[in-house]
Amino acid sequence: RLALPLWSDSHGLLWFLLDTSLRRSALREGLAQELCKDGSRASGLQFASEAVGELEVQTVPDDSVVLGPQSAGISGLLGVDFLHRFDLDLDLQRSICRAWP
């Protein structure tokens, strides 16, 4: 599993798992209620100091086994919709991720 950090002005650092099998990214239900203006479009997130823009997301129940317990600190899953916005260079051996919009 690969976790990437995103930033939210209202929540600070948030960790997301990268899931290339998802077309649409997903947020924990409680977080989605706070970040989604119209119920399905999340905004206010940044990655690598760049605005992510609005993401149409699906929600995952807060107690879902997919994300693990809330104490694990995983806020959601980043899908292909997120990946299309950035070029990523992943060096898994050195645990480095570089990103360009």
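In which helix is G30 found? G30 is found in helix α1, where helices (H or I, at least four residues) and strands (E, at least two) are DSSP runs, numbered from the N terminus. Before I go on, please keep in mind that this is a predicted model, in which local features need pLDDT of at least 70, side-chain atom pairs count only at pLDDT 80 or more, and totals for chains, interfaces and linings use all residues. Residues are numbered from 1 along each chain as its sequence is written, and side-chain values use heavy atoms, with hydrogens and water left out.

Let us stay with G30 for a moment. G30 counts as partly exposed because its relative accessibility is 21%; buried means under 20% relative accessible area, exposed means over 50%, and partly exposed is what falls in between, with a 1.4 Å probe and protein chains only. Although G30 and S75 are 45 residues apart in sequence, they are 9.4 Å apart in space, C-alpha to C-alpha.

Which residues does L6 touch, if we do not count residues up to four places away in sequence? On that basis L6 touches G12, L13, L14, F16, L45, Q46, F47, V52, L78 and F82, where contact means heavy atoms within 4.5 Å.

Let me turn to the charged residues. A search of the whole structure finds 4 salt bridges, each being a side-chain nitrogen of Lys or Arg within 4 Å of a carboxyl oxygen of Asp or Glu. In one of them E56 pairs with R41, and the closest N and O atoms are 3.7 Å apart. This pair links distant parts of the chain, since E56 is in strand β7 (residues 55-56) and R41 in strand β4 (residues 41-42), 15 residues apart. R24 joins R41 and E56 in a network of salt bridges. R24 itself is found in the loop between β2 and β3 (26-28), and it touches E56, V57, Q58 and D81, not counting residues up to four places away in sequence.

R94 counts as exposed because its relative accessible area is 52%.

Finally, the cysteines. How many disulfides does the count come to? The count comes to 0 disulfides under the rule that a disulfide is a pair of cysteine sulfur atoms within 2.5 Å. C36 is buried, with a relative accessible area of 9%, whereas C97 counts as partly exposed at 32% relative accessibility.
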